[in-house]
Amino acid sequence: MFSVEVFKIIRFAFVVFAVICYFEPLTYCQAIPMTSIESRSAVQFIPNGSDLSTNLQPAVEETKSNDPVNVTSTELSSTQAPTATTTQQTTETTTHSRPVDISCLPMNLMGEMDHVTQEEFTSKLTDSCRYDRLIKPTVPKLLEVNMQIDLTHIESSDAQQMKSYILVQLGYKDVRLKYDTYSPKRGCIQGEEPLRNKIWVPHITVRNERESSMMGLDGKDIFVQVMPDGEVNYSYRMTLTFYCWMDLKKFPFDYQICRITWISWSYDTTNLLLKWSNEDPVQIAKNLHLTEFVLDSFWTEASTVPASFSTGGLVGNYSALTFKFKLRREIGYYIMDYFLPSMFLVATSWVTFWLQADASAPRAVLGTSTMLSFITLNGGLTKNLPKVSYIKASEIWFLGCSTFIFCAMAEFAFVNVIWRRRKQVEVKKASSKHILIGAVTPSLARRHVRRIESFNSIYKTRSCTSLNENDENEKENSQNNYLTVHSFPTSIQSIPTIKIPNSSQDELINIEDHVTTIPVPGKPGDKRNSPPHQAWTTMTPHEVANWIDKKSRIAFPVAFIIFNLFYWSFVYAL
């Protein structure tokens with residue numbers, strides 16, 4: 001019973017002593033908590049000035065088979081010795097010092113660690129007391145980060161957006177992870193996301209991204225490799241949707257230059273520098289095939305990007321790497337689904353030229369249906385394109401074909417109007433120019449034209465001098481002899497008179513409606529007295545309408561061929 005009470009007193013005293021040592025470290029001793037109550041060497045006192053390593057060695061060897069223990073060591077900073085008596089309490093003068101944990105000793109004091117598992121080794125190597133993953137590796141100059149990418153897939157997700165699958169690899173050196181002297185027989189350390197969470201990795205972002213994410217099925221596809229000399233290779237697979245601003249002036253015969261720009265997020269150019277790898281910075285999958293584009297060429301660039309703000313944390317210039325590639329749009333889809341159908345629709349509108357001009361219903365239905373079909377065809381092409389302010393090449397084609405279809409409908413309306421005329425069409429000559437002029441010009445205007453032409457054919461008149469003059473005077477004035485007949489009102493009897501002017505000079509005779517001038521023929525063979533011959537002909541409205549349809553059968557196809565020559569030359573020459 002007495003031994004039990006003594007044991008309780010000793011245990012209580014030990015608890016009090018442990019609490020005092022925890023809040024007030026002793027000056028002359030180190031307290032080593034025992035792993036079990038049965039251990040008799042729970043506390044070891046180290047005299048002042050004795051060697052720490054020689055005194056800790058027995059304690060460490062004694063508790064090697066048990067759990068690791070934490071040894072709290074204190075260094076004496078005062079030379080004042082304690083005064084102790086058998087009847088009085090001991091007065092101690094102590095100075096405070098930081099506790100030292102023997103489990104966080106430097107790696108070079110732990111000996112060779114080849115027999116340690118990789119998980120335990122990486123845990124010791126990246127322990128928070130030795131490794132700070134919040135700061136970048138300390139280097140004399142800039143920390144250089146080499147970058148490589150492997151483009152496995154790319155596609156067009158929208159008119160101004162591209163989607164790609166990329167494998168990114170970053171290489172840099174972290175001297176804090178160098179372990180060739182601690183574990184010389186250990187090869188490279190490889191791991192995935194858990195290892196990545198233990199070390200520092202550079203944080204880079206895509207400047208023109210819309211959205212991005214890590215790829216992976218069970219977990220994120222992350223791979224980390226640490227070499228014995230501290231070289232780190234950090235790789236990950238990502239899905240990237242980025243903006244590619246396109247110039248659609250030559251759509252669908254265009255080519256686009258897209259870019260992906262990686263930029264350092266938190267470290268500016270005074271701390272971190274991004275560089276493309278010297279060997280194969282960009283690799284393209286051999287089976288890479290785009291549905292709408294063809295990858296013509298690609299190249300890389302390195303640049304410096306200024307920060308968006310002038311104050312705050314994100315200031316300065318940041319290192320950036322740009323991957324540019326040229327995409328050429330495949331024209332086969334648009335040839336088969338847009339250009340050839342539009343050509344057939346334009347040719348279909350010409351069928352109306354072989355129909356009779358009075359067939360209003362079939363010609364009207366054929367013209368309107370071809371126009372509506374072509375508008376629907378063009379709407380299916382442009383519904384996924386952005387609304388831009390400039391004119392695209394496809395719109396030029398649309399305007400040209402729409403003009404030909406509209407002109408075919410206008411030709412039908414014009415021919416139908418001529419077909420329904422009752423009076424014959426007077427034309428000056430049977431040529432294309434005069435037939436069109438005669439068909440377009442109204443009848444009153446045509447009558448006025450004929451009157452003007454007849455007036456222009458009248459010569460300056462001069463009557464004969466006398467019937468009894470000698471032959472010499474007749475011979476002199478024979479080319480200017482005219483017989484003028486004046487009309488009189490109906491109430492008075494019409495008396496023809498011969499007017500003989502006395503003047504020998506030519507006089508201009510005013511033409512009026514009540515005067516009719518009849519030229520007197522001169523000698524045979526004298527062409528000076530005969531007025532020019534006017535060959536006016538007439539055509540029925542049906543003949544004019546059929547003639548216009550026949551000419552349209554040739555004019556429209558020829559004009560469309562000329563339009564195609566100019567259009568395709570513009571597309572491929574510019």
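In which sense, parallel or antiparallel, do β1 and strand β2 pair? I found that β1 and β2 (residues 161–173) pair in the antiparallel sense, over 11 bridges, where two strands pair if DSSP finds at least two bridges between them.

Before going further I noted that this is a predicted model, in which local features need pLDDT of at least 70, side-chain atom pairs count only at pLDDT 80 or more, and totals for chains, interfaces and linings use all residues. Residues are numbered from 1 along each chain as its sequence is written, and side-chain values use heavy atoms, with hydrogens and water left out.

I then looked at the turn end of this pair: β1 and β2 form a hairpin with 2 residues between them, and Asp 158 has Gln 161 in β2 as its bridge partner.

Next I followed β1 to its other partners. Strand β1 (residues 143–158) runs parallel to strand β9 (residues 272–276), with 5 bridges joining them, and Leu 143 is bridged to Leu 272 of β9. Strand β10 (residues 282–284) also pairs with β1 in the parallel sense, over 3 bridges, and here I looked up Leu 151, whose bridge partner in β10 is Ile 284.

Of its 574 residues, 31% count as buried, that is, under 20% relative accessible area with a 1.4 Å probe, protein chains only. Among contacts (heavy atoms within 4.5 Å) between residues at least 6 apart in sequence, 75% join residues at least 24 apart.

Definitions and conventions:
Buried means under 20% relative accessible area, exposed over 50%, partly exposed in between (1.4 Å probe, protein chains only). Helices (H or I, at least four residues) and strands (E, at least two) are DSSP runs, numbered from the N terminus.
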